[in-house]
Amino acid sequence: MSRQPNREREPEPRGGGEAGVLYVVATPIGNLKDITLRALEVLKGVDLVIAEDTRRSRILFERYGIGTPFGPSLYEGVERERVDALIRLLKGGKRLALVSDAGTPLIQDPGYRLVRRAIEEGIKVVPVPGPSALLAALVASGLPTDRFVFDGVPPKKPGRRRAYFESLKDEERTVVLYESPHRILKTLETLCEVMPQREICLARELTKRHEEFLRGTAEEVLRQLKARPSVKGEFVLLIRGAS
Ligand code: SAM
């Protein structure tokens, strides 16, 4: 049996003149115990952490005694203008860890432009895998997992949303979508107009105290949600592919 390469004690303390490294580090999506040992080691060992919102990351850092300073934040809208400065830090030999507010950076979160530029500039990019709402929802949904597509967030405008679900009617793979608590009812209503009998799963508050999975046809799940006094929490919507 071949031995796995031992990447423990990463990142190593180093002398000067070495190339920087960009670590892309997944963090919990609710339950702080879901951090990996390797993520903790990397977050403690790098020179700077690039967060989406330092206030959110500080909760995790305080819980695990991570004292690494934060570099410039990378949130929606500033990524384009901050990439150059971050690339300069990496080229100057800094080891940076990119984290988002929750889950895996770049998955419906900032970081794509930075990773792309880092690769173009010959900088090493190292993933530190861990939680992501899309996979957690998928594996407990009961829907086929052999072929699936993650399609981000459905369009916000009613006309475009309807056209979007129409375009999914013949999709054979399981479709995984993120949706906010403010729009989930409207999104389900549109889905019901287009495919009322399609089997779906609505995963709510994954890894948190009120985690739940609503399963059934689109109509049944909408009815369950509408019966509640309020709709709160974070949602992943999964739609069974056309069979
Ligand atoms: N990067 C994250 C990931 O890897 O899952 C996703 C970030 S995206 C800005 C936030 C969306 O992810 C939420 O609106 C929700 O759809 C989904 N999400 C994040 N955490 C969740 C949770 N604990 N339960 C259900 N959905 C969640």
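Two strands pair if DSSP finds at least two bridges between them. Helices (H or I, at least four residues) and strands (E, at least two) are DSSP runs, numbered from the N terminus. This is a predicted model in which local features need pLDDT of at least 70, side-chain atom pairs count only at pLDDT 80 or more, and totals for chains, interfaces and linings use all residues. Residues are numbered from 1 along each chain as its sequence is written, and side-chain values use heavy atoms, with hydrogens and water left out.

**Exercise 1.** Find the order of the five strands in the open sheet, then look at β7 and β8.

*Solution.* Step 1: the order is β5-β6-β9-β7-β8, with mixed pairing. Step 2: β5 (148-150) and β8 (212-217) are the edge strands, each pairing on one side only. Step 3: β7 (residues 199-204) and β8 run antiparallel, joined by six bridges. Step 4: opposite A203 you will find F213 in β8.

**Exercise 2.** Describe how α7 and α8 pack.

*Solution.* Step 1: α7 (residues 184-194) and α8 (residues 218-226) pack at an angle of about 150°, their axes 9 Å apart; axes are lines fitted to C-alpha atoms, for helices over the stretch in contact, and angles run from 0 to 180 degrees between N-to-C directions. Step 2: α7 is therefore roughly antiparallel to α8 (angles over 145 degrees count as such). Step 3: the contact (heavy atoms within 4.5 Å) includes I184 and L188 of α7 and V221 and L225 of α8.

Key. Parallel < 35°, antiparallel > 145°, perpendicular 65-115°, else oblique.
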